[in-house]
Every structure is written in C-alpha cells, then in structure tokens.
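Me: I have a model open and would like to go through its architecture with you. Could we begin with the sheet?

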Amino acid sequence: MLLRENIALGGLRQWEMKESEREACRCENQLTRPECLSYSVLDSQSVRSNDAASTPHVFIPIDGSPAAENLHSSFSSILHREADSYKPIAVIHSLSLATSLAWPTATTSMDEWVTLADLSQKNVPFLWVGPNAAGHLKPPSQILSQGNNALWHYTIEMAEEAQARQLDALGMYNFTLQARSWDGSYYGQKVVLVQAMMIINWLSRLEST
C-alpha cells in the first residue's frame with residue numbers, strides 16, 4: 001500500500017475487480033473481508049503489468065525451503081541488475097505461518113537465501129520478520145500449533161538464529177499481542193501500516209554510500 005502510494009486499494013489486484021467490489025474493499029476491508037482477500041497482491045509482476053505506479057520492489061512468494069528454482073533465478077537476476085556492488089539491496093524475509101512455525105524449515109530458508117545473496121557479491125542486508133501474536137479468535141484446532149506459546153518460542157528462537165547468521169531481526173509478537181485481530185491470525189490496516197513503517201525505519205538506517 002505504501003510502495004504503491006495507494007492506501008485505499010494498494011494491497012489488492014484492483015484491475016481484476018468490478019467497480020462495486022473496489023468500493024466494498026477499500027481501506028480496512030481489503031485486509032479483513034474474505035471476499036476481498038481473494039484479490040490480494042501475491043507477486044510483483046502482476047502489479048508492474050497492470051499498474052502504472054512506480055513499484056521499486058520485488059515480492060517473491062516463498063512458502064517453504066528449498067524454494068522453486070525459478071524463484072532462485074528471479075532473485076539472482078534482481079541482485080545483478082545493480083552495477084554498484086556496495087549499494088544495499090535490502091531483503092525482508094519471513095515464513096512464519098506458511099510453514100506452521102517449523103523451526104528447521106525457517107533456518108534452512110535463511111541459509112538458502114543468504115547463500116544466494118553471497119554468491120552475487122553484492123551488499124545484501126537481510127531483515128528477518130517474525131510472526132504476529134495470536135488473537136482471541138484463533139480457531140481451537142490451531143491453538144497448540146500456532147497459539148501464543150508456540151509463536152513466542154518461534155519468535156525468540158528464530159531471532160537468535162537470524163542474529164547468528166548476522167541478519168537483523170524484527171519481531172511482531174509484542175507489537176500485536178494486544179492488538180485486535182479479525183480472525184486470530186491477521187490484523188487490519190492500522191496495524192499493517194505501523195508494521196510497514198517499522199520496516200521502512202530499518203531501511204532508512206542502511207548505509208547507502
């Protein structure tokens with residue numbers, strides 16, 4: 001939403017939506033209504049192809065490790081676009097609920113993408129982002145595997161693993177612990193925008209010369 005400078009619909013593929021759907025999915029609703037979530041942006045290519053707004057970023061969807069070879073190729077090609085080997089090419093990396101908080105998968109994924117970055121011989125700072133806390137609407141069937149006890153231990157352990165690999169780590173557990181979640185796992189626009197600003201603050205601290 002911030003990168004597309006479109007708070008109202010920036011998280012959605014609005015070019016696929018009817019006018020009535022765009023109106024119904026504005027702002028908070030783009031993140032909290034199930035009928036709107038089906039239009040969520042899942043990759044950068046579709047945005048570049050359908051939205052004239054500047055999108056100085058690339059979103060690579062990963063849900064495990066090892067990732068598909070075509071994702072490796074995309075990542076490597078992005079790193080080699082920049083001729084300046086010192087200019088930072090920042091990577092924000094997260095898995096969390098995509099792997100049901102599997103510790104080995106998360107650490108393997110860290111090693112996988114750091115290794116690819118190192119091969120490029122570019123300046124690639126990483127930020128590992130931990131999961132949100134669980135809200136009170138989290139389904140009972142998920143409490144044991146994705147409840148706050150599991151989320152807290154995952155947050156702490158993965159932050160340590162990230163730091164052991166000289167990656168920065170940003171936990172979202174404490175920030176969202178008392179926030180209101182609409183389904184027990186995900187949060188509305190106000191929370192998401194603050195999280196985005198936290199990441200932008202990290203980006204602003206990176207050396208650029």
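Me: What is the strand order in the open sheet, and is the pairing parallel or antiparallel?
Reply: The order is E1-E2-E3, an open sheet of 3 strands with parallel pairing. Two strands pair if DSSP finds at least two bridges between them. Strands (E, at least two residues) and helices (H or I, at least four) are DSSP runs numbered from the N terminus. The model is a predicted one, in which local features need pLDDT of at least 70 and side-chain atom pairs count only at pLDDT 80 or more, while totals for chains, interfaces and linings use all residues. Numbering starts from 1 along each chain as its sequence is written, and side-chain values use heavy atoms, with hydrogens and water left out.

Me: Which strands stand at the edges?
Reply: Strand E1 (91-93) and strand E3 (168-172) do; each has a single partner strand, so one side of each is left without a neighbour in the sheet. On average, neighbouring strands are turned by 25° against each other, direction ignored.

Me: How many bridges join E2 to E3?
Reply: There are 4 bridges between these two parallel strands. Leucine 127 stands opposite aspartate 168 in E3.

Me: Which strands does H6 touch?
Reply: H6 packs on the sheet and touches E1 and E2, its direction making about 155° with that of E2. H8 lies across E2 and E3 and runs at about 175° to E2. Contact means heavy atoms within 4.5 Å; axes are lines fitted to C-alpha atoms, for helices over the stretch in contact, and angles run from 0 to 180 degrees between N-to-C directions.

Me: On to the largest nonpolar core: which residues touch the most other members?
Reply: Of its 30 residues, these are Ile60, Ile62, Phe75, Trp113, Phe126, Trp128 and Tyr154. A nonpolar core is a set of buried Ala, Val, Leu, Ile, Met, Phe, Trp, Tyr and Cys residues joined through side-chain atoms within 4.5 Å. Buried means under 20% relative accessible area, exposed over 50%, and partly exposed in between (1.4 Å probe, protein chains only).

Me: And which elements supply at least two residues each?
Reply: Helix H5 (69-79), helix H6 (103-120), strand E2 (126-132) and helix H8 (148-164) do. The largest share, 6 residues, comes from H6. Isoleucine 60 is in contact with Leu71, Phe75, Ile78 and Trp113, leaving aside its neighbours within four places in sequence. Apart from this core lies another, of 7 residues, among them Ala8, Met17, Cys25 and Cys36.

Me: Which cysteines does the disulfide join?
Reply: Cysteine 25 is joined to cysteine 36, with S to S at 2.0 Å (a disulfide is a pair of cysteine sulfur atoms within 2.5 Å). The link is left-handed, with -85° about the S-S bond. Cysteine 25 lies in the loop between helix H1 (19-24) and helix H2 (29-32) and cysteine 36 in helix H3, so the pair ties together parts 11 residues apart in sequence. Both cysteine 25 and cysteine 36 are buried.

Me: Last item: is serine 40 buried or exposed?
Reply: Serine 40 counts as buried because its relative accessibility is 19%. The residue lies in the loop between helix H3 (34-37) and helix H4 (44-50). Serine 40 touches Gly11, Leu12 and Arg13, not counting residues up to four places away in sequence.
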